[in-house]
Protein chains: 2
Amino acid sequence: MTMSISDFRRVTLDDVARAAGVSSQTVSRVVNEHPYVSERTRRRVLEAIRKLDYRPNRAARSLATQQSHMLGIITYGFPFYGPAQMMRYVEQTARARGYGVSFATVNDLSLSEIGKALQNLGDHAVDGLVLITPVIGATPGELERLCGGIPLVRIDAELGSPVPSVVIDQRQGSRLATQYLIDRGHQRIGEIHGPLNWFGARARHDSWNETLLAAGLTPGPFVGGDWTARGGYEAAHQLLDQRISVTALVIANDQMALGAMRAIRERGLRVPEDVSVVGFDDIPEAAYFDPPLTTIRQNFPALGEQSVDYLITLIASPETFFHQRVLYTELIERQSVCTR
Amino acid sequence: MTMSISDFRRVTLDDVARAAGVSSQTVSRVVNEHPYVSERTRRRVLEAIRKLDYRPNRAARSLATQQSHMLGIITYGFPFYGPAQMMRYVEQTARARGYGVSFATVNDLSLSEIGKALQNLGDHAVDGLVLITPVIGATPGELERLCGGIPLVRIDAELGSPVPSVVIDQRQGSRLATQYLIDRGHQRIGEIHGPLNWFGARARHDSWNETLLAAGLTPGPFVGGDWTARGGYEAAHQLLDQRISVTALVIANDQMALGAMRAIRERGLRVPEDVSVVGFDDIPEAAYFDPPLTTIRQNFPALGEQSVDYLITLIASPETFFHQRVLYTELIERQSVCTR
DNA sequence: ATGTATAATGTTAGCGCAAACATATAGCGT
DNA sequence: ACGCTATATGTTTGCGCTAACATTATACAT
């Protein structure tokens with residue numbers, strides 16, 4: 001009933017202490033679950049806390065402990081499905097672990113934009129950072145210096161690179177997609193890749209190429225897009241302009257696949273009869289595209305959870321030996337691919 | 001080998017004061033742009049700040065001023081386009097105004113979930129809140145009480161309701177869509193609405209109905225969806241099962257429109273020749289649907305900006321007389337509607 | 001009984017900052 | 001010269017909390 005976030009005059013430790021007839025330090029001990037508090041005292045304090053609806057003042061605690069119990073997320077401003085999902089799961093996990101989450105969006109991937117975002121979050125004293133975007137033109141150490149020692153976990157990082165990160169094995173995902181097409185008899189397989197300054201995009205691109213070569217096939221034409229439907233649309237037109245016949249396209253995300261399918265139809269071709277398409281992400285809408293899109297699903301919930309857990313470990317002991325956690329993808333079979 | 005910067009990056013006001021040969025209070029004055037600091041002193045202090053790379057400690061400042069300079073966002077966990085956009089623009093505006101932003105997602109719209117989110121944000125001492133979701137079963141005052149006096153601005157609120165809010169005039173949007181169809185000779189216009197516990201969804205629904213009546217037409221069949229493509233798909237099938245012929249459908253968001261178009265095609269009908277469709281939101285993908293979707297665009301940037309500005313006003317003077325800011329929509333004409 | 005470990009509490013001293021108050025200097029009219 | 005104001009700076013205090021240390025009570029061995 002009286003559950004208020006901030007009452008007129010906030011209830012402090014001392015108020016609780018007075019009410020419970022103990023010192024404020026004892027209350028602090030109870031609140032922070034220290035040992036050496038008798039059961040009887042603990043109960044009385046807890047009772048007083050409940051009665052007064054005491055809520056610790058984070059600012060004071062932060063000042064005293066040098067910890068804010070806040071995590072920061074840096075994410076790309078444009079509402080792509082992947083980053084949005086990651087934010088969501090990062091937040092949920094963080095909250096479950098007792099952390100709050102603040103975030104800053106960047107509108108481009110320059111080091112200076114990221115720097116501004118970092119500064120902002122840093123000013124607000126986050127204990128750790130999750131970086132959901134890639135950064136253009138930053139040497140490995142540069143970013144760490146910018147963070148000023150605040151633990152940082154990256155999500156879009158190079159597989160095997162020596163920075164703390166949780167990544168989805170994009171090579172494996174792209175291989176899944178490409179091999180799936182190969183297995184269905186496709187020989188001329190083109191590609192629309194994402195912006196190559198995203199590690200994930202580059203990995204998907206490379207793996208598409210390698211998988212094809214490994215199967216003894218010549219990689220088809222490829223064009224880059226910017227993750228958007230428009231980008232995919234334009235890329236597909238560009239690709240089809242080359243007049244190299246392809247029977248299938250691997251496309252780096254579902255939005256671009258949507259645009260590409262539209263472009264394909266505009267050329268008088270059918271999906272999947274003339275050109276098969278595999279996307280990436282499995283956005284909720286993919287099942288309702290025309291035709292429903294066969295695509296690669298990424299495990300975003302696990303990604304969010306693991307990056308937070310890793311980050312919290314890093315906060316607790318910054319010297320934690322670096323490692324990279326890797327997650328895998330699965331192929332979702334729908335109707336945008338046909339057998340040759 | 002990498003220096004642990006966190007230890008030595010602890011520059012305080014006093015350090016700056018010593019370096020500049022003034023008292024810490026003078027430095028504080030410079031930082032907070034108080035009057036009564038001589039130009040010469042200000043310059044010296046600024047120089048020292050720059051040299052030492054001083055950054056104010058937010059926790060200490062919060063403790064002293066009782067203000068956190070943090071805004072909180074409560075948003076729905078599922079990544080709908082509208083809420084995501086709002087978050088984005090709220091964050092950008094807040095940051096431009098010197099505020100940080102933290103957020104909490106809720107997985108359902110119950111008062112208790114919202115309460116938990118509020119609690120979490122409140123523990124982290126936000127100065128104000130932007131509520132992007134509606135709340136089920138809360139009386140007007142209930143939420144305010146939960147916030148315990150923290151200023152709150154809502155985004156999904158009833159037009160004309162006496163709560164601080166910035167809203168898009170959904171009635172106007174829905175009227176735009178419906179009238180557009182009427183003007184093109186449609187007589188049997190059905191509807192797929194959103195969850196009616198969202199004020200916006202209800203407003204769109206009511207307005208669809210009223211616009212039709214005002215034009216002397218009988219409202220066609222309507223079914224509810226859950227904002228998702230799947231929801232739209234199922235709703236459309238349900239609607240078409242009724243075997244009441246419709247020539248057009250007003251659909252409460254673009255994702256549902258996507259699903260609905262798929263369902264329409266599955267019945268052997270064409271969009272727009274047999275059934276015209278108007279969506280709502282203008283998501284970036286809408287232009288690449290098949291056919292490209294005629295839809296209602298909402299001004300999310302303005303929504304984000306205005307809600308933050310309103311909130312900041314409210315923080316500065318909580319007694320600010322309530323008002324509601326209203327924004328309007330525009331119709332984006334594409335190819336999912338044809339003239340009868 | 002005496003000492004010694006262990007458990008349970010209290011006391012003190014900041015964390016870094018800004019509000020409130022105190023003081024000092026310059027400028028100006030009389 | 002005097003007071004008076006406007007300007008410019010310094011000093012004290014406390015925001016609410018926790019770390020570190022100090023103290024007391026209790027248990028148990030010697």
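Ala, Val, Leu, Ile, Met, Phe, Trp, Tyr, Cys and Pro count here as nonpolar, Asp, Glu, Lys and Arg as charged, and the others, Gly among them, as polar. By these classes, the surface near DNA strand D has eleven nonpolar, twelve polar and two charged residues. The model is predicted: local features need pLDDT of at least 70, side-chain atom pairs count only at pLDDT 80 or more, and totals for chains, interfaces and linings use all residues. Residues are numbered from 1 along each chain as its sequence is written, while chains are lettered from A and ligands numbered from 1 in the order in which they are written.

Two or more residues each come from helix H2 (24-31) and helix H4 (58-65) of chain A, and from helix H3 (24-31) and helix H5 (58-65) of chain B. Helices (H or I, at least four residues) and strands (E, at least two) are DSSP runs, numbered from the N terminus. H4(A) provides the largest share of the surface near DNA strand D, five residues.

DNA strand C is surrounded by 24 residues, the closest being Ser23(A), Gln25(A), Leu13(B), Ser28(B) and Ala60(B). The elements that give two or more residues to this surface are H2 and H4 of chain A together with H3 and H5 of chain B. Here H5(B) gives the most, with five residues. The surface near DNA strand C has eleven nonpolar, eleven polar and two charged residues.

The two protein chains also touch each other. Residues are in contact if their C-beta atoms, placed from the backbone, lie within 7 Å. The contact takes 49 residues from chain A and 52 residues from chain B. On the side of chain A, two or more residues each come from H4, helix H5 (81-96), strand S2 (100-106), helix H6 (111-123), helix H10 (229-241) and helix H11 (254-266). H5(A) supplies the largest share of that side, seven residues. Its residues divide into 20 nonpolar, 17 polar and twelve charged.

Chain A is superposed on chain B by a rotation of 180 degrees with 0.1 Å of shift along its axis (RMSD 0.2 Å), which is the relation of a two-fold axis. Of the residues of chain A, Ser102(A) comes closest to the rotation axis, at 1.8 Å (C-alpha). The same surface serves both copies, as 92% of the contact residues of chain A recur in chain B.

Notes. Two residues are in contact if their C-beta atoms, placed from the backbone, lie within 7 Å. A residue is near a molecule or strand if its C-beta atom, placed from the backbone, lies within 6 Å of it. Copies are superposed by least squares on the C-alpha atoms of residues with pLDDT of at least 70 in both.
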